[in-house]
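Subject: Structure handover

Hello,

Here is the structure for your files. My notes on it follow below.

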Amino acid sequence: MAKAKARRRSRKAKAGSRGPTPLECRLESLSGDGKEASSRVEGEGGIVLGCYSDPLGKNPLLLAILPIQRDLSQAHHRRLADVIDRTGLFLDPVIAVTAPGKGFWTPNGRHRLEAMRRLGARAITALVVPQREIAWQILALNTEKAHNLRERALEVIRIYRGLIEEDGARPESQFAFYLEEAALVTLGVCYERNPKFAGASYNPIVRRLESFSPDALNKTIRVREKHAGLLMELDERVAAVITRLKARGFVSPYLRAFVIARINPLRWIKGEPPPLEEVLKTMRERAGKFNTDKVKQEDLAGAGGAPDEPD
C-alpha cells in the first residue's frame with residue numbers, strides 16, 4: 001500500500017510578511033473563475049452579497065445566499081438543528097464550490113446544510129470559492145478530523161465520486177493525498193450501500209491489501225466497487241455464523257471478530273500476501289464451512305479486534 005508522505009512542520013512566518021493589506025483585499029469587480037461563479041450563483045436563484053480577495057493568497061471569494069436544493073447524505077444534524085432553532089440565527093456560512101454542470105458542492109457544510117433543511121429553511125449563507133480544487137483540500141482536512149472509520153470512509157468516497165464527475169480519466173494515484181488510504185475508498189462504497197456495515201472488523205485486512213492504482217479513476221472505481229461487493233457478501237456469511245453461535249448461547253461483543261480471525265488466511269501467510277479478491281474468496285468459503293458445533297466458550301476468551309457493530 002502506498003503510504004502518505006510525512007508532513008513537514010511549518011515554520012512560523014515573520015509577522016506581517018505575507019498577504020495583502022486590508023485595503024488590498026477589496027475587490028471591485030470579478031473576472032475569470034470568479035465571474036463564472038457569480039453567474040452560477042445568480043443562475044441557481046441565489047444572490048451575491050459581496051466579494052473580496054482572501055487575506056492570505058489573494059484569491060477571489062464570494063459571500064452569497066444560496067437556495068437549499070440539493071439532497072445530501074444524512075448526517076448527525078438533529079442536535080445542530082435544535083441549537084440553530086433556539087438561537088434563531090445562522091451565523092456560520094458553509095463553504096461552497098461550483099459543481100460540474102450545475103449547482104454547488106459544500107465540502108465542509110453537510111451537517112449545517114442538513115440542519116437548515118430540517119428546519120425548513122429555503123436558503124443558506126455560503127462562502128463561494130471559484131477554484132473547485134480547493135474543495136478536495138478541505139475534504140482531506142475533514143477526513144483527518146472525522147471521529148470514526150465510517151465518517152472517514154464516507155468523506156473519502158465523497159471526494160472520489162466528485163473527482164470522477166469532474167474528470168475520471170486522471171490516475172487514482174494522483175490523489176493519494178486527498179484519499180489518505182485506498183482501503184477507505186472500498187469501505188466507503190460499503191457504507192454507501194449499508195450505513196451499518198461492520199467496516200472496522202474488515203479494515204485491517206483491506207488496509208493491508210489495497211493500494212492506490214496508476215489507472216484512471218473511472219476504471220479503478222469499478223475495482224473498488226467489486227471489492228466492496230465481495231466484502232458485503234462475506235459479511236453476510238459471517239453474520240450467518242454469528243446467528244448460529246448466538247443460537248447456541250454464545251454472547252459476546254466480539255463474535256464477529258472471533259469468526260473473522262478464524263477464517264482469515266493472512267494469519268498464516270509470511271511474505272507477500274495474495275490479492276484481496278483471493279483472500280476474500282478464501283474467507284467466504286471458510287465462512288460457509290464454519291462448524292459452530294466445535295466452538296467452546298473458552299475459545300472466545302482471547303477474541304479481540306473491533307467489537308461487533310449494531311445491526
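In β5, L127 is the bridge partner of I95. That contact belongs to a set of four bridges joining strand β3 (residues 94-98) to strand β5 (residues 123-129). The two strands run parallel. Helices (H or I, at least four residues) and strands (E, at least two) are DSSP runs, numbered from the N terminus.

Before you read on, two points on the source. This is a predicted model, in which local features need pLDDT of at least 70 and side-chain atom pairs count only at pLDDT 80 or more, while totals for chains, interfaces and linings use all residues. Residues are numbered from 1 along each chain as its sequence is written, and side-chain values use heavy atoms, with hydrogens and water left out.

The sheet

Five strands make up an open sheet. Their order is β1-β2-β5-β3-β4, and the pairing is mixed. Two strands pair if DSSP finds at least two bridges between them. β1 (47-53) and β4 (104-105) are the edge strands, each pairing on one side only. Helix α1 (residues 32-43) packs on this sheet. α1 touches β1, β2 (60-67), β3, β4 and β5, where contact means heavy atoms within 4.5 Å. The direction of α1 makes about 10° with that of β2. Axes here are lines fitted to C-alpha atoms, for helices over the stretch in contact, and angles run from 0 to 180 degrees between N-to-C directions.

Cysteines

The whole structure has zero disulfides (a pair of cysteine sulfur atoms within 2.5 Å). C25 is buried at 12% relative accessible area. C190 is buried too, at 0%. Buried means under 20% relative accessible area, exposed over 50%, and partly exposed in between (1.4 Å probe, protein chains only).

Salt bridges

A search of the whole structure finds 16 salt bridges. The criterion is a side-chain nitrogen of Lys or Arg within 4 Å of a carboxyl oxygen of Asp or Glu. Three of them follow.

- R152 and E180 meet at 2.8 Å, N to O. R152 lies in helix α5 (residues 149-167) and E180 in the loop between α6 (176-179) and α7 (182-193), so the pair ties together parts that are 28 residues apart in sequence. E180 is partly exposed, at 27%.
- R161 and E225 meet at 2.9 Å, N to O. This pair links distant parts of the chain, helix α5 and helix α9 (residues 217-247), 64 residues apart. R161 is partly exposed at 30%, and E225 is partly exposed at 26%.
- R262 and D299 form a salt bridge, with the closest N and O atoms 3.6 Å apart. R262 sits in helix α10 (residues 255-263) and D299 in the segment after α11 (276-288), so the pair ties together parts 37 residues apart in sequence. R262 is partly exposed at 38%; D299 is partly exposed at 27%.

There is also a network of salt bridges, which links R161, E192 and E225.

Aromatics

Two aromatic pairs turn up in the whole structure. Rings of Phe, Tyr and Trp (its six-membered ring) pair if their centres lie within 6.5 Å; planes under 30 degrees apart count as stacked, over 60 as edge-to-face and the rest as tilted. Y191 and F197 are edge-to-face, at 6.1 Å centre to centre and 80° between the planes. The rings of F197 and Y202 have centres 5.7 Å apart and planes at 20°, so that pair is stacked. Y191 is buried at 3%, and both F197 and Y202 are buried. Y191, F197 and Y202 form one aromatic cluster.

Best wishes
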